[in-house]
Amino acid sequence: MLRIAVPNKGSLADTAAQMLSEAGYAGRRDPKELHLIDARNGVEFFFLRPRDIATYVGSGALDVGITGRDLLLDSGSEAIEIERLGFADSTFRFAGPIGRFSELSDLSGLRVATSYPGLVGAFLAEHNVTVKLVPLDGAVESAVRLGVADAVADVVSTGTTLRKAELDIFGPVILESTAVLIGAPEEKPGLTTLLRRLQGVLVARKYVIMDYDLPERLLDQATAIAGGIESPTVSPLRDKDWVAVRVMVPRERTNQIMDALYEIGARAILVSAIHAARL
């Protein structure tokens with residue numbers, strides 16, 4: 001039975017649970033439940049703190065897990081990244097008092113507060129910059145104002161929180177993080193099925209099915225607009241001069257593709273969601 005670590009709370013938890021549900025796996029009914037056996041699918045779920053998941057998987061205690069790339073790298077675990085899961089994107093940057101820092105080397109010999117000392121320490125070592133790291137559990141942006149640190153290294157989305165703390169972003173990007181599927185150093189039986197299902201969910205979220213009718217003579221033009229994963233499915237209609245076309249298109253380009261197809265003469269253009277897929 002494949003043993004899977006899943007975040008039990010935090011920003012990763014809800015989306016990870018939804019993704020596993022869309023992949024056909026059982027979900028827990030009680031949010032306090034820490035263990036669930038899905039016998040039908042041959043898996044066993046363990047609901048853990050996101051920060052601990054890489055440690056459990058890297059030690060071999062569990063086979064695979066869902067966590068953040070940032071947490072994986074910060075842990076120092078031997079677990080490996082298997083697949084990017086397409087949610088919980090974040091960017092890690094350095095920030096300090098406005099106008100004080102411009103380059104990474106400006107931090108040399110100073111104090112840097114962070115909730116990710118392993119990740120930040122490795123990055124600084126790679127760039128030959130020596131600092132005193134100040135590990136904090138949260139609210140890192142307050143560290144400079146309170147005199148605990150000279151600069152911070154933290155997650156940045158819009159930068160609003162840092163600006164409110166009168167901090168300015170500087171230096172290179174530390175990490176572009178996202179939710180990932182991680183695995184033990186040795187691949188376990190059942191991983192291939194899990195990975196294929198999760199990839200199917202990613203495809204279903206990224207693409208839609210588009211159906212439309214078109215004069216057959218315009219088929220090459222239509223295919224140039226929307227060629228599909230391999231090629232469109234084309235079926236004859238009662239009117240021998242027309243065909244029905246079905247094709248997968250990127251969800252984010254749906255309306256642009258519909259507009260372009262309509263312009264060349266396609267009609268009865270319909271769009272349907274994909275609930276599961278295997279490519």
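Modeller: Contact here means heavy atoms within 4.5 Å.

Colleague: What is L181 in contact with, leaving aside its neighbours within four places in sequence?

Modeller: V64, G65, I66, I80, E81, I82, E83, L85, L191, L194, L195 and L198. This is a predicted model, where local features need pLDDT of at least 70, side-chain atom pairs count only at pLDDT 80 or more, and totals for chains, interfaces and linings use all residues. Residues are numbered from 1 along each chain as its sequence is written, and side-chain values use heavy atoms, with hydrogens and water left out.

Colleague: Which residues touch the most other members of the largest nonpolar core?

Modeller: F45, F94, L107, L181 and L194, out of 43 residues. A nonpolar core is a set of buried Ala, Val, Leu, Ile, Met, Phe, Trp, Tyr and Cys residues joined through side-chain atoms within 4.5 Å. Buried is under 20% relative accessible area, exposed over 50%, partly exposed in between (1.4 Å probe, protein chains only).

Colleague: Where does this core lie?

Modeller: Domain 1 (2-86 + 178-204) and domain 2 (90-176) both give residues to it, so it lies between them. Those bounds come from an automatic or database domain assignment.

Colleague: Switching to helix α4, which residues are buried?

Modeller: L119, V120, F123 and L124, in residues 117-126. They cover an arc of only 125° around the axis, which puts them on the same side of α4. The arc is that of the directions from the helix axis to the C-beta atoms. Helices (H or I, at least four residues) and strands (E, at least two) are DSSP runs, numbered from the N terminus.

Colleague: What does the face turned away carry?

Modeller: The exposed residues A125 and E126.
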